[in-house]
Amino acid sequence: MEKLSVEEIIRKIHAEEVFEAVSEAYSFTLKITDYVPYVCAAVHDGHQFRKELWDNCLHSEYDRWYEEDPCTKDMIAFHPIVISGLDSRFEYDLNRAPEDAIYEDAWGKQLWKTPLEEQMRAKSLQKHTDFYKVVRTLIQKLEEKFETCIVYDMHSYNWQRWEREVPVWNIGTTNIDQTRFSESIESWRAILEKTPLPNGLQSTAKINDTFQGNGYFLKFITQNFKNTLVLATEIAKIYGDELKQIIYPEVVFAVKNYFEVMLKEHALSFYAKHKS
């Protein structure tokens, strides 16, 4: 892996170079080992939180971890194109529009002791802007090369805060073309439902049950690229104890192993169906 400026990353994509890089600001990583018609993303995987913000933040390190999506990058790390955030969503949220990306409060609790200075906000929002410059370039390159593309937008959620039974997997489809892509949506749901999990865990998968796919990452790509499908995919945090801040690596490993085969098969099936 190498450290590259956003301009250097964009130049490499235009030139169809293979590379693995961290952005100059250490805010996101991008790996491209081959140019294929699918992308894996983990925009909420990051946990970094700028030290100059620590004293002004009312949320603890655990509070932040609880709302982040740890290990979602690990689940998709095998694939040829993987982009992931490194910073905590509590600094700026890559899955929100720029004007809403910096929280004033988070999950009912005020975030900052005193309002952030404009300089602090600008530093965070520049990283948000840089990320989406790269996303735009990447999807544009893949559509130019393959005509169509599919993006697996990986997230996790805290199932124990729900007061009803919730699925292990949820696909949010409200903001995508559910008619045009109905077959691919349902086939992905069926794949998720068959995920072999250890420790006696049973996999279930539903569409628009706990979340509806309202994230900015999905909307940005869908609104700018008409031939790219984004599947906002949430896994309940059964791969750890969300109340004790423990990760179960054997569960993460099981998902990763399953995705190595089945995610790739789904992506290639999508491409075969939707290319000209």
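Predicted model: local features only at pLDDT ≥ 70, side-chain atom pairs only at ≥ 80, totals over all residues.
A disulfide here is a pair of cysteine sulfur atoms within 2.5 Å.

Cysteines, then. The structure holds zero disulfides. Take cysteine 71: the closest cysteine sulfur belongs to cysteine 40 and is 16 Å away, which is too far for a bond. Cysteine 71 is buried, at a relative accessible area of 14%.

Cysteine 40 takes us to strand S4, residues 38-42. Five of its five residues are buried, so S4 is largely enclosed by the rest of the structure. In a regular strand, side chains alternate between the two faces of the sheet. In S4, Tyr38, Cys40 and Ala42 are on one side, Val39 and Ala41 are on the other, and both faces are covered.

Which strands pair with S4? One is S8, residues 149-157, which runs parallel to S4 and is joined to it by four bridges. Valine 39 has valine 151 as its bridge partner in S8. Another is S5, residues 81-85, also parallel, with three bridges to S4. There, cysteine 40 stands opposite valine 82.

Now the rings. The count comes to 22 aromatic pairs. One of them is tyrosine 38 with tyrosine 152: the centres are 6.4 Å apart and the planes are at 85 degrees, so this pair is edge-to-face. Tyrosine 38 counts as buried at 3% relative accessibility, and tyrosine 152 is buried at 0%.

A second pair is phenylalanine 49 with tryptophan 112. Their centres lie 6.2 Å apart with the planes at 5 degrees, so the pair is stacked. Phenylalanine 49 is in the loop between S4 and helix H2, and tryptophan 112 is in the loop between strand S7 and helix H5, 63 residues apart. Phenylalanine 49 is buried at 8% relative accessible area, and tryptophan 112 is buried at 4%.

Phenylalanine 49 has a further contact: arginine 64 lies over its face, 4.2 Å from the ring centre. Likewise, the charged end of lysine 237 sits over the ring of tryptophan 65, 5.9 Å from its centre.

Last item: ring pairs link Phe28, Phe131, Tyr132, Tyr216, Phe217 and Phe220 into a cluster.

Notes. Residues numbered from 1 in each chain as written. Heavy atoms only, no water. Buried < 20%, exposed > 50% of the residue type's maximum accessible area, 1.4 Å probe, protein only. Helix = DSSP H or I, 4+ residues; strand = E, 2+ residues; numbered from the N terminus. Pairing = 2+ DSSP bridges. Phe/Tyr/Trp six-rings, centres within 6.5 Å; stacked < 30°, edge-to-face > 60°. Lys NZ or Arg CZ within 6 Å of the ring centre and 35° of its normal.
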